[in-house]
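Please look at the sequence and the structure shown below before reading the report that follows them.

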Amino acid sequence: MMVELNVQLAEELPLPTIGMRNVLVVDDVAVMRTILSRVLKDRQVDSAQASDGSEAFDLLSKQSFDAVITDIEMPNWTGFDLVDAMRRSKDQRIATMPVIVTSTLADKSIARKARRYVGVYFLPKPISVSRLSVTLKMIATSRWLHERFSDGRQISF
């Protein structure tokens with residue numbers, strides 16, 4: 001009964017309540033950025049936009065975000081170029097930031113490559129709004145647990 005209650009509560013909790021307040025949306029297609037930003041706004045999450053990985057990386061050093069949603073296929077820096085630069089960053093906040101990568105190519109190799117990185121999740125395009133919401137909640141919940149129990153305290157049920 002308690003677990004069911006917790007699942008129901010988690011579904012009802014707004015994303016900002018569990019720490020997902022600001023997301024960077026990266027896509028070379030302006031319409032996609034706008035759609036994702038609108039979906040985030042409907043879930044009470046602020047967002048900023050970048051048109052490629054290089055612009056996104058510059059924004060990451062200037063602003064604080066809880067996660068990044070990036071397309072894979074973009075000119076200049078691809079989504080994976082951005083993830084590589086983030087994971088090599090000397091700024092731990094950027095190096096460990098969760099990233100959701102998206103692609104119209106439903107290629108298994110893209111999903112496999114995404115899984116090689118820690119904290120990188122893959123969602124195929126067109127992006128399902130419910131899958132995006134669940135992924136953001138999972139990221140926020142995971143970080144919330146890590147922050148509270150990384151000192152070795154036990155999680156009690």
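The structure is a predicted model, in which local features need pLDDT of at least 70 and side-chain atom pairs count only at pLDDT 80 or more, while totals for chains, interfaces and linings use all residues. Residues are numbered from 1 along each chain as its sequence is written, and side-chain values use heavy atoms, with hydrogens and water left out.

Helix α2 has 13 residues and reaches 18 Å from its first C-alpha to its last, close to the 18 Å expected at 1.5 Å a residue, where the expected span is 1.5 Å times one less than the number of residues. Helices (H or I, at least four residues) and strands (E, at least two) are DSSP runs, numbered from the N terminus.

| Group in α2 | Residues |
|---|---|
| Buried, under 20% | R33, L36, S37, V39 and L40 |
| Exposed, over 50%, on the face turned away from the buried side | V31, R38, K41 and D42 |

Helix α7 holds L136, which is buried, with a relative accessible area of 1%. Not counting residues up to four places away in sequence, L136 touches L15, M20, V23, L40 and I100, contact meaning heavy atoms within 4.5 Å.

Definitions and conventions:
Buried < 20%, exposed > 50% of the residue type's maximum accessible area, 1.4 Å probe, protein only.
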